[in-house]
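Subject: Structure handover

Hello,

Here is the structure I promised to pass on. Please open it alongside this note. My findings follow below.

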Amino acid sequence: MEMLDRLQRSGMPFGPSLIDRKTQRVGFFLGSKNEETFTFYLGRETESPPPYRYLGEGCAVVVPGPIPLFDDRYQWLRPPTHRPEANPPSPAALATVLVASAELLARIDRFGEQYPTPYSAVAALPDEVGR
């Protein structure tokens, strides 16, 4: 949630978002008719986008209730505050953050493979760097 707050303060246009705690999936809401725009910006960010599903007409989404409880499966990360409106920068911002987040997680996984223990990370430092 802190990341979404920081992104909002940075001026990046984000709408409502929620998390399904059981499946560990996050959902972002874009205005209608944004799929092509989102896909376009995602393609500009990377040639191999991270896996995602864009739900459209005929799909159903479970959303949290108006009064969330601590252990609810579905929780708002950023609840809707007003009726959704067209916001052209939203698909671009979401595509940018999706790609950056996927790359960060991949780097974290590679770090664990490269340095399986804290000692191995320190041992890999060059002698010039103070240990």
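How many aromatic pairs does a search of the whole structure find? The search finds four. Bear in mind that this is a predicted model.

Take Phe-38 and Tyr-54 to begin with. Their pair is tilted, with 40° between the planes and 5.9 Å centre to centre. It links distant parts of the chain. Phe-38 sits in helix α2, while Tyr-54 lies in the loop between α2 and β3. The two are 16 residues apart. Phe-38 counts as buried because its relative accessibility is 4%, and buried means under 20%. Tyr-54 is at 25%, so this residue counts as partly exposed.

Another pair is formed by Phe-40 and Tyr-41. This one is edge-to-face: the centres are 5.1 Å apart and the planes are at 75°. Phe-40 has a relative accessible area of 48%, so it is partly exposed. Tyr-41, at 27% relative accessibility, also counts as partly exposed.

Ring pairs join Phe-38 and Tyr-54 with Tyr-52.

Now the strands. Strand β1 covers residues 17-20. Which of its residues point one way, and which the other? Ser-17 and Ile-19 point one way; Leu-18 and Asp-20 point the other way. All of them are buried.

β1 has antiparallel partners in β2 and β3:

- Strand β2 (residues 25-28) runs antiparallel to β1, and four bridges join them. Ile-19 stands opposite Val-26 of β2.
- β3 also pairs with β1 in the antiparallel sense, again over four bridges. Here Leu-18 has Trp-76 of β3 as its bridge partner.

β1 and β2 make a hairpin, with four residues between the strands. Gln-24 in this hairpin takes a positive phi, near 55°.

Last, the surface. Where is there a nonpolar patch, and which residues form it? Phe-29, Leu-55, Val-61 and Val-63 form the patch on the surface. Together they have about 310 Å² of accessible area. Val-63 belongs to the loop between α2 (35-45) and β3 (74-78). Its relative accessibility is 39%, so Val-63 counts as partly exposed.

Then turn to β1 and its bridges to β2 and to β3.

Best wishes

Definitions and conventions. Residues numbered from 1 in each chain as written. Predicted model: local features only at pLDDT ≥ 70, side-chain atom pairs only at ≥ 80, totals over all residues. Heavy atoms only, no water. Patch = residues over 30% accessible without salt bridge, like charges linked within 9 Å, V, L, I, M, F, W, Y side chains within 5 Å. Areas by Shrake-Rupley, 256 points an atom, 1.4 Å probe, with all protein chains shown as cover. Salt bridge = Lys/Arg side-chain N within 4 Å of Asp/Glu carboxyl O. Buried < 20%, exposed > 50% of the residue type's maximum accessible area, 1.4 Å probe, protein only. Pairing = 2+ DSSP bridges. Phe/Tyr/Trp six-rings, centres within 6.5 Å; stacked < 30°, edge-to-face > 60°.
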